[in-house]
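Please walk me through this protein model.

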Amino acid sequence: MTGSSPTRPGARPFPWLTPRTLLARVHTRIYRWSGGRVGSRFGSLEQILLTTVGRRTGQPRTTPLAAIPEGDALVLVASNWGQGHHPAWLHNLVAQPEVVVQRGPRSQPMQARVADDQERERLWPLVVRANPGFEDYARTAGRTIPVVICEPAPAG
């Protein structure tokens, strides 16, 4: 066939379109459309929309995530569904720590950072209490799952 490229048998025509990415896109759209009335809870876990700046593209990237409130801060878990590599959003916020978090109808600029070893040790039990599945992800991933702390951005 002229103009076509050969594909591997069984290869997906759109490898970036996985059930997880499709679910995340639908979740994000419904969350935004409803002002957070739909999609802001998953069981006992609060769900937020985290917007980072793509480290390669400079474009905004929004990801729905579970968030665990701790005082004025939010704790996020870079579990990536238990995969052996960190999620793209983590790499983005390490490169550009200024993020926007939407909680329900309200969006707020925040500063994100990866918890240091002591903070992670203190926060990990809180994370597992909020969602025991994170412990399973840690075993499956075979890596230390980073914990991220998002704090309100300084005024000004």
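Helices (H or I, at least four residues) and strands (E, at least two) are DSSP runs, numbered from the N terminus. Is Ala155 buried or exposed? Ala155 is exposed, with a relative accessible area of 83%. Here buried means under 20% relative accessible area, exposed means over 50%, and partly exposed lies in between (1.4 Å probe, protein chains only). The C-alpha atoms of Ala155 and Pro109 are 9.6 Å apart, although 46 residues separate the two along the chain.

A word on the ground rules. This is a predicted model, in which local features need pLDDT of at least 70 and side-chain atom pairs count only at pLDDT 80 or more, while totals for chains, interfaces and linings use all residues. Residues are numbered from 1 along each chain as its sequence is written, and side-chain values use heavy atoms, with hydrogens and water left out.

## The overall plan

The protein has 4 helices and 7 strands. Along the sequence they follow the pattern α-β-β-β-β-α-β-β-α-α-β. There are 156 residues in the protein, and 37% of them are buried.

The accessible surface comes to about 9900 Å². Carbon and sulfur atoms account for 56% of that surface. Such areas come from the Shrake-Rupley method with a 1.4 Å probe, and for residues only the protein chains shown count as cover. Now take the contacts (heavy atoms within 4.5 Å). Among those between residues at least 6 apart in sequence, 62% join residues at least 24 apart.

## Strand E7 and its partners

Which strands pair with E7? Strand E4 (residues 73–77) pairs with strand E7 (residues 147–152) in the antiparallel sense, over 4 bridges. Strand E6 (residues 106–114) also pairs with E7 in the antiparallel sense, over 5 bridges. Two strands count as paired if DSSP finds at least two bridges between them.

Val75 stands opposite Ile149 in E7. Gln111 has Glu151 of E7 as its bridge partner. In a regular strand the side chains alternate between the two faces of the sheet.

## Salt bridges

How many salt bridges does the structure hold? The structure holds 5 of them. Each is a side-chain nitrogen of Lys or Arg within 4 Å of a carboxyl oxygen of Asp or Glu. One of them joins Arg103 to Glu46, with the closest N and O atoms 2.7 Å apart. Arg103 lies in strand E5 (residues 98–103) and Glu46 in strand E2, so this pair ties together parts that are 57 residues apart in sequence. Arg103 is partly exposed at 30% relative accessible area, whereas Glu46 is buried at 12%.

Glu70 and Arg122 form another salt bridge (2.8 Å, N to O). Glu70 belongs to strand E3 (residues 60–70) and Arg122 to helix H3 (residues 117–130), so the pair ties together parts 52 residues apart in sequence. Glu70 is partly exposed, at 31% relative accessibility. Arg122 is partly exposed too, with a relative accessible area of 49%. A further salt bridge links the side chains of Arg113 and Glu119 (2.8 Å, N to O). Arg113 is partly exposed at 31%, while Glu119 is buried at 17%. Arg113, Glu119 and Glu151 are linked in a network of salt bridges.

## A buried threonine

Thr51 is found in strand E2 (residues 45–53). Its relative accessible area is 18%, so Thr51 counts as buried. What does the side chain of Thr51 join in a polar contact? Its partner is the side chain of Thr62, at 2.8 Å. A polar contact is a pair of N or O atoms within 3.5 Å; within protein, one must be able to donate a hydrogen and the other to accept it, and residues adjacent in sequence count only if both atoms are side-chain atoms.

Leave aside the neighbours within four places in sequence. Beyond these, Thr51 is in contact with Arg32, Pro60, Arg61, Thr62, Val99 and Val100.

## A nonpolar patch

Leu22, Val26, Ile30, Trp33 and Val38 make a nonpolar surface patch of about 520 Å². Patches are made of residues with over 30% relative accessible area and no salt bridge; like charges are joined within 9 Å, and nonpolar side chains (Val, Leu, Ile, Met, Phe, Trp, Tyr) within 5 Å. Leu22 lies in helix H1 (residues 19–33). Leu22 is partly exposed, with a relative accessible area of 45%.
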